[in-house]
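The report below follows a few selected elements and charged pairs through the model. Please look at the sequence and the coordinates before reading on.

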Amino acid sequence: MTYAIDPELLPWLDMLPAVTLADHESLLAARSSMAQLSEVLPAYEPANPVDVRDTAVPGPSDAPDVPVRVYSPSNRTAAVPGLLYIHGGGFVMGDLDTFDAHVLRLVDELGIVVVSVDYRLAPEHPFPAPVEDCYAALTWAAAKADELGIDPARLGVAGESAGGGLAAAVALLARDRGGPRLSFQYLGIPELDDRLDTPSMRAYTDTPIWNRPNAVYSWTSYLGAEPGGADVSPYAAPARAADLAGLPPAFVTVCQFDPLRDEGIAYAQRLAHAGVPVDLRHYPGTFHGSSLVETAEISRRMFADELDALRRGLRVTAG
């Protein structure tokens with residue numbers, strides 16, 4: 001198919017990582033490509049001093065500790081909002097370095113504390129390992145709020161792609177387990193539905209970076225079984241959740257030429273029907289991961305919207 005991709009993005013198509021997920025060999029190649037991408041992307045130099053430290057937090061029951069990276073404004077004088085950040089990568093790729101520059105910029109711009117979580121990856125560690133790692137990091141951040149300088153009344157969760165799906169699942173777990181009360185959820189181009197049956201998922205078989213074949217491999221790896229089965233947990237695929245009432249306010253983004261587009265739109269609609277305050281943004285001419293082209297006007301708008309959403313959702317105060 002041909003796609004009406006934003007003209008500013010077109011020259012970059014051949015330079016963006018070509019992700020093809022078909023078997024274990026291709027997964028290893030994709031992981032290597034993602035690791036190289038984080039090395040060649042421009043570093044972000046914060047305007048304000050930021051403390052960054054790696055540590056490990058208690059993992060789920062009978063599981064190893066979970067590595068996290070904590071970003072804190074060095075000059076804060078009082079408790080500030082906190083954010084659990086969950087990286088993307090189709091449940092099978094990515095680590096703390098993948099979105100390091102992005103998270104550093106969020107901390108610099110907003111003056112918040114971010115706990116970025118290095119959850120275990122599928123297929124080596126299928127559901128529920130990744131989401132339970134993320135939830136363990138959330139409960140640790142809430143329990144250590146005073147030590148971390150986080151205002152527990154302004155604690156949110158955010159993620160991109162598979163991280164957006166995991167963020168939605170963490171919000172469901174926090175609600176259903178009576179866990180930390182979240183004030184906000186940012187679901188960036190989220191991967192939410194293993195049934196793979198939306199119009200965008202059926203149509204977009206050859207879109208850049210992410211497409212239906214990659215999504216099939218992603219969900220098969222994460223579930224440890226063929227996707228679309230009758231008994232898939234809503235904590236694996238949040239689109240499966242029967243009841244979305246009582247979840248924190250949400251900001252959901254989707255890209256036009258992304259197979260995940262329609263499941264993001266549908267989830268936002270269902271949140272609204274359940275009485276959850278939700279803001280949905282659809283970006284024309286974009287594709288999954290097109291925000292890597294940071295110089296494009298549409299990418300700058302996407303990041304500005306993310307900053308604004310987090311500022312409002314976490315009730316960030318200036319100064």
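D279 is partly exposed, with a relative accessible area of 22%, where partly exposed covers the range between buried (under 20% relative accessible area) and exposed (over 50%), computed with a 1.4 Å probe on protein chains only. This is a predicted model, in which local features need pLDDT of at least 70 and side-chain atom pairs count only at pLDDT 80 or more, whereas totals for chains, interfaces and linings use all residues. Residues are numbered from 1 along each chain as its sequence is written, and side-chain values use heavy atoms, with hydrogens and water left out.

**Salt bridges**

D279 forms a salt bridge with R312, a salt bridge being a side-chain nitrogen of Lys or Arg within 4 Å of a carboxyl oxygen of Asp or Glu. Because D279 lies in strand β8 and R312 in helix α9, the pair ties together parts that are 33 residues apart in sequence; R312 is itself partly exposed, at a relative accessible area of 45%. Helices (H or I, at least four residues) and strands (E, at least two) are DSSP runs, numbered from the N terminus. D279 and R312 also belong to a network of salt bridges that links them with R281, D305 and D308.

The structure holds 19 salt bridges, and the table lists some of them.

| Pair | Closest N and O atoms |
|---|---|
| R105 and E109 | 3.7 Å |
| D133 and R120 | 2.9 Å |
| D279 and R312 | 3.7 Å |

D133 lies in helix α3 (residues 129–143) and R120 in the loop between β4 and α3, so this pair ties together parts that are 13 residues apart in sequence. Both D133 and R120 are buried. R105 and E109, by contrast, are four residues apart in helix α2, and therefore about one helical turn separates them. An α-helix has 3.6 residues a turn, so residues three or four places apart point the same way. R105 is partly exposed at 30% relative accessible area, and E109 likewise counts as partly exposed, at 37%.

**Strand β3 and its partners**

Strand β3 (residues 80–86) is mostly covered, seven of its seven residues being buried. It pairs in the parallel sense with strand β5 (residues 150–160) over six bridges, pairing being assigned if DSSP finds at least two bridges between two strands; within this pairing, V80 stands opposite I150. Five bridges join β3 to strand β4 (residues 113–117), again in a parallel arrangement, and here G82 stands opposite V113. From β3 the chain passes through helix α2 (residues 100–110) to β4 in a right-handed β-α-β crossover, meaning that, with the strands pointing away from the viewer, the path from the first strand over the helix to the second runs clockwise.

**Helix α9**

Helix α9 (residues 297–313) has 17 residues and reaches 24 Å from its first C-alpha to its last, close to the 24 Å expected at 1.5 Å a residue, the expected span being 1.5 Å times one less than the number of residues. Its buried residues include I298, M302, F303, L307 and L310. The buried residues of α9 pack against β3, α2, β5, β6 (184–188), β7 (250–257) and β8 (278–287), with contact meaning heavy atoms within 4.5 Å. Just after α9, R315 takes a positive phi of about 55 degrees.

**Annotated region**

The UniProt record, an unreviewed entry, carries the annotation "domain: Alpha/beta hydrolase fold-3" for residues 83–289. Over residues 83–289 the chain is 36% helix and 21% strand, and the end C-alpha atoms are 22 Å apart.

How values were computed: UniProt positions are given in the numbering used here, feature names are shortened, and annotations may be inferred rather than shown by experiment.
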